[in-house]
Structures are given as C-alpha cells and as structure tokens.
Amino acid sequence: MAEIVPLADAVRGLVHDGDVVALEGFTHLIPHAAGHELIRQQRRELTLVRMTPDVVYDQMIGMGCASKLVFSWGGNPGVGSLHRLRDAVERGWPEPLELEEHSHAGMAAAYAAGASGFPFGVVRGYEGTDLVERTRVASITCPFTGEQVAAVPAIRPDVGIIHAQQADERGNVQLWGICGVQKEVVLASSRTIVTVEEVVPELEWRSGAVFLPAWILTAVSVVPGGAHPSYAHGYYTRDNAFYVRWDEISRDRDRFRQWMDEHVLSPEAAAV
Amino acid sequence: MTTYTADEMMAVAAARRLRNGTVCFVGIGLPSQAANLARATHAPDCVLIYESGTIGAKPDRLPLSIGDGELAETADAVVSVPEIFSYWLQGGRIDVGFLGAAQIDRHGNLNSTVIGDYERPKVRLPGAGGAPEIAAWCRETFVMLRHSARAFVQRLDFRTTDGAGVTCVITDLGVLEPDAEDGELVLTELHPDATAEEAREATGWELRVAAEVRTGSPPTVGELQALRALRPANQDTVRV
C-alpha cells in the first residue's frame, strides 16, 4: 500500500546500491527530481533501465551512479548526443559502463512481459541485425504456426520510478497525456516510487488516463515541477531550450560537474 | 528565382512521395518536416504516428522531440508505447516509415549504433530505437540522409537495421531506389543542379546510375512557404 512520504525518505528506504532501477517517462513526465535525489544520496553500481536514456540518465551516469545501462535509444531528442553517456562508453569516465541494448519494440515487449509476470516478451524483429549478437534475445518457434519470432527476457526492476500529475490522499495515482511505458514499469517492479505534481482530495477520472491504485504502489512523493525540464501535461510545457543548453553544459567534464554542484548537489538545490 | 536549402529540397522530395491518406511513422527532424509539409499541402489526410504513442497528430509547428505536448493535444488518440509498437507497427498497419542513420550500405542496411569497433567505439551513437521494426513492418521505408562518402559506405561498422524494406533513400543530391532484381541501391533521380558525378563522388561504393535519371523539380513557392511556416516559433534548433 502506498505511503505518502518525502522523496528523500522514499529513495533512502527503497533504492539500494547495486539495484536494478528503471526511471521511465517517454519524453513526457520524466522523473528528473527523483534522479537528482539518487545522485544526492550517491547511489552506486546501479543497473539503470530506460528505453530512452536522455538528460536525466546522462546526469546519473556522469555522476557515477551506474555500472550498467539497459536501453534502446540513448540521445538528446532533437538535439544530438548524450556527452556523459558517450564519455562513459568511449573512455570509461567516470567509470566503465556495461551496455545491454535493444530495439524500442523489444524493450516495450520486455516491460509488458514483466508487468504480466511472463518470463519473456515476443517481438517480430531483431532479424538481420547485429543486435542479435550483442544483446539478450533468442529466436523461438511458434508452437502453433511454426513462425520464427524473437523472445526478449522480461524486465523486472527492483525499483520502478515514474512521475505523474496527481495522487489522492490515499496514494492512488493518475497520469494522462503521453503515457509511454509507465504503467508497465510500475507493474513490473518489486518496489515503486511515484513523484506527483500535487495531491488532490479526490481524483477526477479522465478518459484515456492511466490509473495506478495505491495498493500496487510503495511510495508516493509530492514534488511539484519534478519532471522539469521534461513536462507535465496540463501543468507546464517541455523546456526545449534547456535540452539545447544541456548539449553545451555536458560536453566538458568540469563544466558538467560544476553545473551538477550548483543545481543538484548544493543545499539550496536539495531543499527544492 | 527562389533560393532554398539542401534540407528543404530533401523535405520537399520526401513530402511529394506521400499520397493523401498515407499512414506515416514519423521520427523527429527531416521526416517530421516532410510528413507535416505533405499534410499542409497536397496530402491533408496524411496520418502522422509518432513513436511516443500519438496517432493522427496534427501539429501546427514542428516539435523538438517525438513526445512534445502539442502532438498529444492534436492527436486523434494517445496510446501506450507497447501498444504503438505491437498493435500498430508490428501489426502491419503503417504505410511509410522514415529513418535516418549514420551509415548506409549499398543494400540499404543502416547503422545507428557505433562508429568503430563495438567494444571500443570511436563514436557511440544513440542506438536502434524503433528502426529495426520500422524497417521490417512498414510497407515502405524512406531513408533520409545527406550524401557523403562517410555515410554511404562500402561496409557498415554495425548493422542496426536490415535494409530489405527500404524503398527509397532521399539525399541532398537526389534519390536512390533498390534495383528490382538484386536490391542494390541505384541513383534514379537528381535534384535540380545536382549531377550523377557528384553523387558518385559522395558514395563509398561504385554507385550504379539508372539508364534514365529523372530530374526533380525545385520546391515551389507554395511548398517553401508551407515548410517555413512549420518552423518552431521561438527557436531554430530543430535538427535530425
């Protein structure tokens, strides 16, 4: 049953060094504030899982939180490379990063399998690509038609972390707009942290929204603006200018560290 | 004489290949420009699907990312990412998928994973994303890539995506299409002022040229106006 607790307490109690941790949000509702809390609490040796590692994982990798990354597309959308991710892969800074990479379809199927309690997901893909030799995928034969399909192992994170618009006082959560794989990651994970823009007395059901009942969640934390520079539909828009600026901030190791000191590690930043 | 950029010519050439009602799986950058240009000009009923799960998106301005809020606000429906990749893409419901890449070979195979050795890459690229299944399950795949010997290579450093589904490659010089017999890419169309010689020089293999190469017409004033009207209002940073 979800408890409504401060984010720092949720991270302290639920995320341990060496855990498999997935922060999800497909462009929308990316849990940046939770990522920053993991950095402040200096979590180490994490296996980070995320379909689209973008700025938040660039920051976590650059600050040395991760030893492995499971992903399908690692870039700054519409802008270019993730320089901290590249530095870790190309030069082992701040430490080497093991990669397990998939296609989007493969990862989406692996999350859906994890949510369903299935051992693997099925994709009509990976064929004819060099990915087959570099990732965890196997060819299987359909027992009914004989068709060859690809099996991808289910993703079962220790901790799944997402951001949503609203919770009620009992810890039920609702999110809407582009909903990515958030429902799947919550259902696939052993423990969950949901940061929300606000707590309302009663959730007003919205057509097409994703509802996550309190009884499947572990912790809910109120963090207004917790997705920035990503966005929260109905609350604030995507800070596209920041994504462009990140390219320049993250290119240089010292400039990156300085930015993280000022905006994430400083007592003022931690208090937000 | 209206002046235009190489990127504008590429977007126009791609847009012209979309028919009214074509269902497109669209990535960010030039593909998004092309599909939205088609929607703004000759193909108002083009259906734009972005991998973020927005079906029938109708943005007035180009988004920076595939998940900008405007896509969700203007879409017919927003579905989850597992649904978009399973029911809609692998389900075979999409006519045209667009892809970019860092490298392409003569059979349309694509690399968007690494430059150099996989274990010790010179450049680590973003990776597969939706590309392998887009190329496999859309009826046609259009590749948009600027012509250069660095990109059009004899041998890929990594094969991220099988090229069997590629039906055309639109470059800043012209258009390549697979030969009906052996599937090798052949130069079939040149943009105005481009020459087959330029295309040969910018290709890392011995580029085949069709017996009769078509010459594309330059962007019309109407196309350029529509394309430029799509630019984001407050920034000029939209790139591939």
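# Exercises on a predicted two-chain model

**Exercise 1.** Describe how helix α3 of chain A packs against α4(A) in this predicted model.

Solution. 
- Step 1, geometry: the axes of α3(A) (residues 55–62) and α4(A) come within 7 Å and cross at roughly 45°.
- Step 3, handedness: the crossing of α3(A) past α4(A) is left-handed.
- Step 4, residues: α3(A) contributes A:Y57, A:D58, A:I61 and A:G62, and these face A:R84, A:L85 and A:A88 of α4(A).
- Step 5, composition: this contact has four nonpolar, one polar and two charged residues.

**Exercise 2.** Which residues join helix α2 of chain A to α3(A), and at what angle do the axes cross?

Solution. 
- Step 1, geometry: α2(A), residues 32–40, has an axis that comes within 10 Å of the axis of α3(A), with a crossing angle of roughly 0°.
- Step 2, orientation: because angles under 35 degrees count as roughly parallel, α2(A) is roughly parallel to α3(A).
- Step 3, residues: A:H32, A:G35, A:L38 and A:I39 of α2(A) meet A:V56, A:Q59 and A:M60 of α3(A).
- Step 4, composition: four nonpolar and three polar residues make up the contact of α2(A) with α3(A), with no charged residues.

**Exercise 3.** What is the strand order of the ten-stranded sheet in chain B, and which strands stand at the edges?

Solution. 
- Step 1, order: the sheet is open, its pairing is mixed, and its strands follow the order β4-β3-β2-β1-β5-β10-β11-β12-β13-β14.
- Step 2, edges: β4 (77–78) and β14 (208–215) of chain B each have a single partner strand, so one side of each is left without a neighbour in the sheet.
- Step 3, one pair: β2(B) (residues 47–50) and β3(B) (residues 54–55) are antiparallel, with two bridges. B:Y50 stands opposite B:T54 in β3(B).

**Exercise 4.** How many residues does each chain give to the contact between chains A and B, and which element of chain A gives the most?

Solution. 
- Step 1, counts: 47 residues come from chain A and 41 residues from chain B.
- Step 2, elements: α4 (83–91), α5 (104–116), α6 (131–134), α7 (182–188) and α8 (240–251) of chain A each give two or more residues. α5(A) gives the most, with six residues.
- Step 3, composition: the side of chain A that touches chain B has 20 nonpolar, 17 polar and ten charged residues.

**Exercise 5.** Where in chain B does pLDDT stay under 50?

Solution. 
- Step 1, overall scores: the model has ipTM 0.95 and pTM 0.95. Chain B averages a pLDDT of 93, and 96% of the residues score at least 70.
- Step 2, the stretch: pLDDT stays under 50 over residues 234–240 of chain B, for which the model has 15 contacts beyond four places in sequence.
- Step 3, reading: where pLDDT is low, predicted coordinates should not be read in detail.

Notes: Residues numbered from 1 in each chain as written. Chains lettered and ligands numbered in written order. Predicted model: local features only at pLDDT ≥ 70, side-chain atom pairs only at ≥ 80, totals over all residues. Contact = placed C-beta atoms within 7 Å. Helix = DSSP H or I, 4+ residues; strand = E, 2+ residues; numbered from the N terminus. Nonpolar A, V, L, I, M, F, W, Y, C, P; charged D, E, K, R; others polar. pLDDT = per-residue confidence, 0-100. Axes fitted to C-alpha atoms, helices over the stretch in contact; angles between N-to-C directions. Left-handed = near helix turned anticlockwise from the far one by under 90°. Pairing = 2+ DSSP bridges. Parallel < 35°, antiparallel > 145°, perpendicular 65-115°, else oblique.
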